[in-house]
Amino acid sequence: MRRVHPSRPVLPTLLSTVLTVALLLCTPPAWAGTGAGVRDRALACALPGTTGWTDAGHDTDYSVFKRPTGVIKVAMIFVDFPDAPATESPAADSARITPGADWVRKASYGKTWLSITQHRQWVRMPHRSTDYGFARGLSHETHEAYLKDAVTAADPYVDFSRYDMVHVVPTRNASAISFTPTYIYEPGTAGVVADGRRVTWAVTFGQDMWHWDHRLVGHETAHAFGLPDLYAFDAGGDTHRFTGGWDVMGLIGGAGSQYLAWQSWKLGWTHDSQVVCRASRGSDTVRLTAVEYGGGTKMAVIRTGPTTAYVVESRRAVRADARACSTGALVYAVDSSVPTGKGPVRVMDAEPDTTPASGCRPLDDAPYRAGRSFTDPAAGVRIDVLRSGGYGETVRVTKS
C-alpha cells in the first residue's frame, strides 16, 4: 500500500489520482490515427525490395541504377546496317523520340531532365541487322554486343565521356531490330567503354517506337532508374491485366499513362511529406491532389505486411477522349516481393462500365468515385471516397 505523505491532504490526492486515470482511459492510443492527431511516419509504409532487381521496393541500388534527379546528359546516335541502309533523315526518326524528354520532366514534377544531344548522321553497323538476334528474351550479352558495335561505330564522331546515357536509334528500314530494350551495365564485367568512360545506361530503340509514342522514352528510361515492368510477361491472358493503362511502365499508350504515385515516391519525385502512411491501426482523412498535377498530398498508403500495402491516389485522364473513364480515386495493391512482369502492382477495379456505349476499356474505368468504398476484410483495410471533384479526392483510409 502506498504511503501518504503527512503534509499532503488525502482527498485532493485521491481526486488527482482518479482524474489522471480517467484521462489516460479517455486518451486514444497512438495507433488510433487522426482521432488522436497522430499519423505514422511516411517511411513506415516504404516497402523493401526483395527480388534483387527492378521491383516495387522503395530502396534502390544506385551502384547499379541511375539516380533519377537533375540533368541527365544523353547522346543520341543513329545506326543503319549493310542489309538495311537508311533512306530517311536522322531528324525524322528523332522527332518520334525527343518529345519524351519533356514528358519525363513534367512527369517528374521538374525534378528530372533528359538533355538529349542528337548526333545526326548515320553510322554503319559492322553486321547485318538480322545478325543481332533481336527477339523477346534477348540476353544481356547479345544486347551488349549490339550496343558495343553502335558505340564503336559512332566513337569517331561522338565524345562519349560527356554523357550519362546513350540512345541508339536504328533506321526505320531495319525491321529486324524489332523492339526497345534498356541496357544496364552489369558490375564486374568489361562492359562497353568509350573515350575513357563506361556506358552504364542505354536505350536501344527498335521498330516499336513507331507503334508507341514518345512516352516509350519514359518507360525505358525508368528501367535505368530501377522501375519494374507492370505488364504481364506470360503469354496467356491479357498482357495489361495488372495495371491497365494507369502507369507508363504498363500500357505505354494508356488513357491515364503516367507514373503511379508509388513509383514517383520510389524515384524521389514525390516527397515523404506528400505521403500519408497508415502502418498501425487507425483512420486518416486525406485530401489527395491528382498525380497529374504538382503539389499537394499524392497518396495514402495502408501497410498490410512486410512487403505489401494498399495505395490510394487521385487520377485525372491525360487524354480528353478518356476523361469520363479515368477520373477518381485509384486503389491498388503493391507487393515488393513480386518480380518485374509478374504483377508487383495490381489495380483494384471499381466495377467499371465497359459496355460498348461507355467507351471504357477494362481497368480504364477503375477509379472509385464519391460514395464508393474499397474493402479487404482479411487485411483489415477500408478506403472510402468521401468527396470528388476539381483537382482531387478526399478519402478516408482505415486499418483495423
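Start by selecting G49, G52, W53, T54, D55, D59, T60, D61, V64, F65, G226 and K266, which line the second largest pocket. A pocket here is an open set of points on a 1 Å grid over the protein atoms alone, where a 1.4 Å probe fits, with protein on both sides within 12 Å along at least five of seven lines; lining residues have an atom within 4 Å of a point. The volume of this second largest pocket is about 180 Å³, taken as the space filled by probe spheres set on the points, with grid points joined across faces, edges and corners. Colour its lining by type and you get 3 nonpolar, 5 polar and 4 charged residues. In that scheme Ala, Val, Leu, Ile, Met, Phe, Trp, Tyr, Cys and Pro are nonpolar, Asp, Glu, Lys and Arg are charged, and the others, Gly among them, are polar.

A word on what you are viewing: this is a predicted model, in which local features need pLDDT of at least 70 and side-chain atom pairs count only at pLDDT 80 or more, while totals for chains, interfaces and linings use all residues. Residues are numbered from 1 along each chain as its sequence is written, and side-chain values use heavy atoms, with hydrogens and water left out.

Next, go to the largest pocket, with a volume of about 1,000 Å³. Of its 35 lining residues, R136, P181, D229, Y231 and F233 are the closest to its centre. The lining comprises 15 nonpolar, 14 polar and 6 charged residues. Helices α4 and α5 (215–225) and strand β4 each supply at least two lining residues, and α5 gives the most, with 4. Helices (H or I, at least four residues) and strands (E, at least two) are DSSP runs, numbered from the N terminus.

Now select α4, residues 140–154. Its 15 residues should span 21 Å at 1.5 Å a residue, and the end C-alpha atoms are 21 Å apart, so the two agree; the expected span is 1.5 Å times one less than the number of residues. Buried residues of α4 include H143, Y146, L147 and V151, where buried means under 20% relative accessible area, exposed over 50%, and partly exposed in between (1.4 Å probe, protein chains only). Among the elements covering the buried residues of α4 are β3 (165–170), β4 (182–184) and β7 (201–204).

Stay with β7. Which way do its side chains point? W201 and V203 go one way, A202 and T204 the other, and all are buried. In a regular strand the side chains alternate between the two faces of the sheet. Strands pair if DSSP finds at least two bridges between them. β3 pairs with β7 in the parallel sense over 4 bridges, with V168 opposite T204. β4 pairs with β7 in the antiparallel sense over 3 bridges, with I184 opposite W201.

For another pairing, show β9 (residues 282–289), where 6 of the 8 residues are buried. It runs antiparallel to β16 (residues 392–399), joined by 8 bridges, and V397 is the bridge partner of D284.

R67 sits in the loop between α1 (10–26) and β1, and counts as exposed because its relative accessibility is 51%. Its C-alpha atom is 6.2 Å from that of F225, 158 residues apart along the chain. T112, in strand β2, is buried because its relative accessibility is 0%. Beyond neighbours within four places in sequence, T112 is in contact (heavy atoms within 4.5 Å) with residues including P68, I72, F225 and W269.
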